[in-house]
2 protein chains.
Amino acid sequence: MSLTVVGSIAFDAVKTPFGERERMLGGAATHFSLAASFFTEVRPVGPVGEDFGAAEFAVLEARGIRTDDIERVPGGKSFFWRGHYEYDLNVAHTDDTQLGVFAEFEPKLSEASRSADTLFLANIQPDLQRQVRAQCGSAGLSGLDSMNLWIETARDSLVAAVAEVDCLVVNDAEIRMLTGESNLARAARAVMAMGPRAVIAKQGEYGAALFTGEGFFALPGFPLEDVRDPTGAGDSFAGGFFGYLDGLGREPGEAELRQAMGYGTVLASFNVEEFGTERVARLSREEIDERFEQLRAMTQFEGLASAAE
Amino acid sequence: MSLTVVGSIAFDAVKTPFGERERMLGGAATHFSLAASFFTEVRPVGPVGEDFGAAEFAVLEARGIRTDDIERVPGGKSFFWRGHYEYDLNVAHTDDTQLGVFAEFEPKLSEASRSADTLFLANIQPDLQRQVRAQCGSAGLSGLDSMNLWIETARDSLVAAVAEVDCLVVNDAEIRMLTGESNLARAARAVMAMGPRAVIAKQGEYGAALFTGEGFFALPGFPLEDVRDPTGAGDSFAGGFFGYLDGLGREPGEAELRQAMGYGTVLASFNVEEFGTERVARLSREEIDERFEQLRAMTQFEGLASAAE
């Protein structure tokens with residue numbers, strides 16, 4: 001099985017109440033790929049600049065990520081994001097965004113990336129998402145993330161892109177904004193009427209909720225006493241979710257989607273424990289499975305005793 | 001088993017995007033009592049004015065609620081709250097508060113109310129909460145709600161009141177405010193260091209989270225496509241939670257606390273479907289149990305099939 005993801009591969013400068021980093025590996029496709037790498041073969045697609053060097057590639061390759069479709073643009077500069085968080089870690093404040101090589105990005109997928117079983121379109125301009133979707137027509141499962149900027153400035157393109165995927169994964173405020181419907185259950189239904197058969201509402205520290213035609217499932221964020229940097233939490237969630245599903249190698253049913261919500265939650269929780277990719281880069285599958293079982297125990301009506309049986 | 005609750009018994013004027021009521025039965029003790037009445041004998045304690053008549057008493061008595069300790073003050077006016085909600089139903093905007101007979105309230109519990117097995121101190125001035133707690137010393141289980149006003153204006157009294165109960169039930173922002181700790185898991189631990197052995201963080205539409213010395217449990221809000229008036233949701237949650245626990249008639253363990261979280265969530269969900277007490281007043285135990293099972297199915301990792309077994 002294999003999973004292609006298109007999105008930013010970048011450098012981030014981040015300051016939170018718990019520390020700061022002036023320049024670290026980041027980007028949606030990076031966080032997604034690292035999270036998904038515990039479950040399947042991942043191929044990130046996207047451009048980087050000459051400033052993206054062996055050290056950055058090494059972080060990805062150490063996790064077995066196939067970097068062939070990361071296009072290094074001669075003379076170019078990588079996408080750069082600078083942001084900070086106050087004590088409310090749910091709100092990211094953007095201080096600077098430099099598109100760099102992303103401004104001229106024209107997706108050209110290799111044969112291996114085109115033939116992926118699963119495709120994730122991380123948050124980029126929706127026309128680019130559609131170009132990638134068209135090149136990767138064989139994917140049996142596809143997902144898409146987006147943001148308020150594209151809802152405001154490229155709504156028609158975004159709606160067309162949403163119509164072409166199986167699962168929309170965005171913040172709950174964006175589901176409301178996209179559909180103009182304040183009630184989340186109604187908003188999710190409106191998204192499904194556009195095409196997707198599943199909608200995931202990311203809710204920051206409150207966790208995430210899954211809407212499908214068959215039902216509703218929600219998980220809290222994994223409770224952590226030390227959260228240092230929430231950057232990339234949503235991308236790590238999506239990476240855990242789609243990585244797990246791709247690794248299954250079969251059409252997911254409701255139960256598999258719920259398990260995938262659990263793995264997404266677990267990967268997001270490790271991601272926020274340290275800055276950037278620091279924690280997930282040295283994570284083990286054993287740690288993931290241990291936390292997954294803790295999360296399951298935390299959501300059992302029957303309490304700890306029976307959960308431990 | 002029996003449950004005493006002290007708090008406001010009031011009239012509310014409420015406007016939401018989905019309708020309005022100029023004067024309806026409300027108040028924290030009212031919503032709490034109606035929710036708890038499905039599980040045990042409930043005794044609300046609090047003052048009302050001469051404007052509180054047979055029609056209002058009838059709503060409570062139809063649910064078997066013991067109204068002996070509702071003190072009708074000659075010449076007095078009942079507590080009155082006027083508020084409205086925009087499309088974000090998580091935020092209540094207060095337009096007017098008239099304390100009426102509550103301004104002179106001195107709690108005097110009857111023998112029956114004093115000897116309750118369970119006591120809930122709804123959101124009132126913390127010194128009043130402490131007076132009631134002192135009169136109801138035999139309660140084996142006690143809970144307390146509060147609000148930002150008391151954290152700001154009567155913090156020492158509130159901390160003393162919190163120390164005297166088993167379970168704090170407040171909004172998550174209030175847990176942070178009370179403890180000065182932005183991380184919710186740490187804030188909950190700080191509350192437990194004050195005395196309570198359980199802390200419930202109410203999170204509006206995101207549901208509620210339970211922290212105990214043994215673990216963590218969280219439930220999403222029950223997903224509803226029609227929410228008309230969120231007033232009293234938190235009190236209905238607390239009523240379902242403590243009503244269920246009191247009705248058990250035994251010391252609750254972790255599993256019982258989790259079940260109680262489920263009943264709290266279910267009662268809150270019915271409460272918000274219509275204005276004021278309208279929906280809960282005509283609710284049945286069968287409807288409650290049906291929704292409880294739906295909620296359980298929504299939180300099972302194993303999916304719908306196994307949940308239905």
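In chain A of this predicted model, strand E6 (residues 79–85) and strand E7 (residues 92–98) run antiparallel and are paired over six bridges. Two strands are taken as paired if DSSP finds at least two bridges between them; strands (E, at least two residues) and helices (H or I, at least four) are DSSP runs, numbered from the N terminus. B:Ala10 has B:Gly26 in E3(B) as its bridge partner.

Residues are numbered from 1 along each chain as its sequence is written, with chains lettered from A and ligands numbered from 1 in the order in which they are written. Local features need pLDDT of at least 70, side-chain atom pairs count only at pLDDT 80 or more, and totals for chains, interfaces and linings use all residues, while side-chain values use heavy atoms, with hydrogens and water left out.

Chain B is superposed on chain A by a rotation of 180° with 0.0 Å of shift along the axis, at an RMSD of 0.0 Å. This is the relation of a two-fold axis. The superposition is by least squares on the C-alpha atoms of residues with pLDDT of at least 70 in both copies. Of the interface residues of chain B, 100% are also interface residues in chain A, so the copies meet through the same surface.

A:Gln203 is placed in the loop between strand E11 (198–202) and strand E12 (208–212) of chain A. With a relative accessible area of 12%, A:Gln203 is buried; buried means under 20% relative accessible area, exposed over 50%, and partly exposed in between (1.4 Å probe, protein chains only). Leaving aside residues up to four places away in sequence, A:Gln203 touches A:Asp172, A:Leu184, A:Ala208 and A:Ala209, as well as B:Tyr206 of the other chain. Contact means heavy atoms within 4.5 Å.

B:Val199, in strand E11 (residues 198–202) of chain B, has a relative accessible area of 0% and is buried. Beyond four places in sequence, B:Val199 touches B:Leu168, B:Ile175, B:Ala188, B:Val191, B:Met192, B:Ala209, B:Leu210 and B:Phe211. B:Val169 belongs to strand E10 of chain B and, at 1% relative accessibility, is buried. The contacts of B:Val169, again without residues up to four places away, include B:Phe120, B:Leu144, B:Ile200 and B:Phe242. B:Val169 and B:Ala116 are 53 residues apart in sequence, and their C-alpha atoms are 19 Å apart.

On a 1 Å grid over the protein atoms alone, a cavity is a set of points where a 1.4 Å probe fits but cannot get out, and a pocket is an open set with protein on both sides within 12 Å along at least five of seven lines; lining residues have an atom within 4 Å of a point. Grid points are joined across faces, edges and corners, and a volume is the space filled by probe spheres set on the points.

Two cavities of 30 Å³ or more are present. The largest cavity holds about 50 Å³, and among its lining residues are B:Asp166, B:Arg197, B:Phe241 and B:Pro252. Its lining comprises six nonpolar, no polar and two charged residues, where Ala, Val, Leu, Ile, Met, Phe, Trp, Tyr, Cys and Pro count as nonpolar, Asp, Glu, Lys and Arg as charged, and the others, Gly among them, as polar. The second largest cavity has a volume of about 40 Å³. Helix H6 (155–163), strand E10 (167–171) and helix H7 (172–179) of chain B each supply at least two residues of its lining, which has six nonpolar, one polar and one charged residues.

The second largest pocket has a volume of about 220 Å³. Of its 17 lining residues, A:Met298, B:Thr212, B:Glu214, B:Gly215 and B:Phe216 are the closest to the centre. Helix H12 (285–298) of chain A, and helix H8 (184–194) and strand E12 (208–212) of chain B, each supply at least two residues of the pocket lining. H8(B) gives the most, four residues. By class, the lining of this pocket has nine nonpolar, four polar and four charged residues.
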